[in-house]
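Q: Hey, can you walk me through this model? I'm new to reading structures.

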Amino acid sequence: MVTIFLQILIAFLIINTGNSKNLPSTVLIFGDSTMDTGNNNYIKTILKGNFLPYGQNFPGNVPPTGRFSNGKLVPDILASALGIKDKVPPFLDPNLSDEELVSGVCFASAGSGWDDLTTLMTKVITADKQIDMFKDYIKRVKGIVGDEKKGMKIINDALVVISSGTNDFGYNFYGIPTRRFQYTVDRYQDFLLLRLQSFVKALYDLGCRRMLVAGLPPMGCLPLQMTAKFQNPLDRKCLEDQNSESKAYNDKLSNLINQLQTLLPHSKIFYADIYSPLLDMIQNPKKYGFVETKKGCCGTGLLEVAFLCNPTRPVCQNPSQFIFWDSLHPTQSAYEFLTKQFVTETIPKMSFGETL
């Protein structure tokens, strides 16, 4: 199924760009658990996904990799569709080859966010630390290719994918409402977007020119958020107030990215809408082959996530029929549909193969 899916994506790309050479040869990933391909395995934190049932459907029958899903994440699916490699390794893996480094790595950390308060309790990798890791990466790449200009060209031509922010609202605003005592939701959105803007500017100053920045999902439709609100597990529905706030944040983000595109010369920065396609999957599941939209595949699907989704918990028989793997994270099948939109609509506009 995955192979056919990726072949279709590659065909779309070649048709839209006119040439398979007009595609990136390096991917660089930043963000949270939707992007983390295993960095948290190498730090002291409770937020790990390197045990079953996480990764039970990952290709190759390998041990759990630390990805918070049943299989591949967007970075892996995207890199495969671009013909770069089958999976994107975490930067903190001490056994990375030169080839793996040059073709791209992941700096994301499960549990991270734009707000440093988000990472205070879980001790995961902050956004600023991800930038520091990227600086180390640049030095290593320059050492591998042996030339300053060649090294910077790899960075200039790379596809950068950024996805974060969900944990900030889930932990600090809707969960333990620390920030809700300090900010209105409107002001907290602005606070986070200011941090995001600084992050994008830092990447630009380090040489990144082509960036894809994801917005928030429909937060009110995440199984864990619904469980926290409704007492009856059989009578749960999307929380319209949280969805409305997610959409408002995304509208601001889209406008911010348009401004950054203008302010940062020779850049191609695009907003990646994950809200609309994920909500469409939830509202029209049969169109995508899904059956279950309100709970995850792991355990009861109502609360299980991270260490609560463990080898003692039962899992559903057909994960591909579930939108969510645990109470927060999509299945590989859902990630595939999300990736298709980026590949077919956005990446062809990023002018790979051209000098910006």
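This is a predicted model: local features need pLDDT of at least 70, side-chain atom pairs count only at pLDDT 80 or more; totals for chains, interfaces and linings use all residues.

Q: How many residues line the second largest pocket, and which lie nearest its centre?
A: Its lining has 15 residues. T65, R67, K87, P90 and D93 are the ones nearest the centre.

Q: And how does the lining of that pocket split by class?
A: The lining has five nonpolar, five polar and five charged residues.

Q: Then at what angle do helix 6 and helix 7 cross?
A: Roughly 140 degrees, with axes that come within 12 Å. Helix 6 covers residues 166–175, and helix 7 covers residues 185–205. That angle makes helix 6 oblique to helix 7.

Q: Is the crossing of helix 6 and helix 7 right-handed or left-handed?
A: Helix 6 passes helix 7 in a right-handed crossing.

Q: Which residues meet there?
A: From helix 6 you have D168, F169, N172 and F173. They meet V185, Y188, Q189 and L192 in helix 7. By class, that contact of helix 6 with helix 7 has five nonpolar residues, two polar and one charged.

Q: What about helix 4 and helix 7, how do their axes cross?
A: Helix 4 is residues 127–145, and its axis crosses that of helix 7 at roughly 5 degrees. The two axes come within 11 Å. Helix 4 and helix 7 are therefore roughly parallel to each other.

Q: Which residues make that contact?
A: Helix 4 brings A127, D128, I131 and F134, while helix 7 brings R195, F199, A202 and L203. Sorted by class, the contact of helix 4 with helix 7 has six nonpolar residues, no polar ones and two charged.

Q: Now helix 2 and helix 11. How do their axes cross?
A: Helix 2 (residues 74–81) and helix 11 (residues 332–346) have axes that come within 9 Å and cross at roughly 50 degrees. That makes helix 2 oblique to helix 11. Their crossing is right-handed.

Q: Who meets whom in helix 2 and helix 11?
A: V74, I77, L78 and A81 in helix 2 meet Q332, Y335, E336, T339, F342 and V343 in helix 11. The contact of helix 2 with helix 11 has seven nonpolar, two polar and one charged residues.

Technical notes
Residues are numbered from 1 along each chain as its sequence is written. Side-chain values use heavy atoms; hydrogens and water are left out. Axes are lines fitted to C-alpha atoms, for helices over the stretch in contact, and angles run from 0 to 180 degrees between N-to-C directions. Helices (H or I, at least four residues) and strands (E, at least two) are DSSP runs, numbered from the N terminus. Angles under 35 degrees count as roughly parallel, over 145 as roughly antiparallel, 65 to 115 as roughly perpendicular and the rest as oblique. A crossing is left-handed if the near helix is turned anticlockwise from the far one by less than a right angle, and right-handed if clockwise. Contact means heavy atoms within 4.5 Å. Ala, Val, Leu, Ile, Met, Phe, Trp, Tyr, Cys and Pro count as nonpolar, Asp, Glu, Lys and Arg as charged, and the others, Gly among them, as polar. On a 1 Å grid over the protein atoms alone, a cavity is a set of points where a 1.4 Å probe fits but cannot get out, and a pocket is an open set with protein on both sides within 12 Å along at least five of seven lines; lining residues have an atom within 4 Å of a point.
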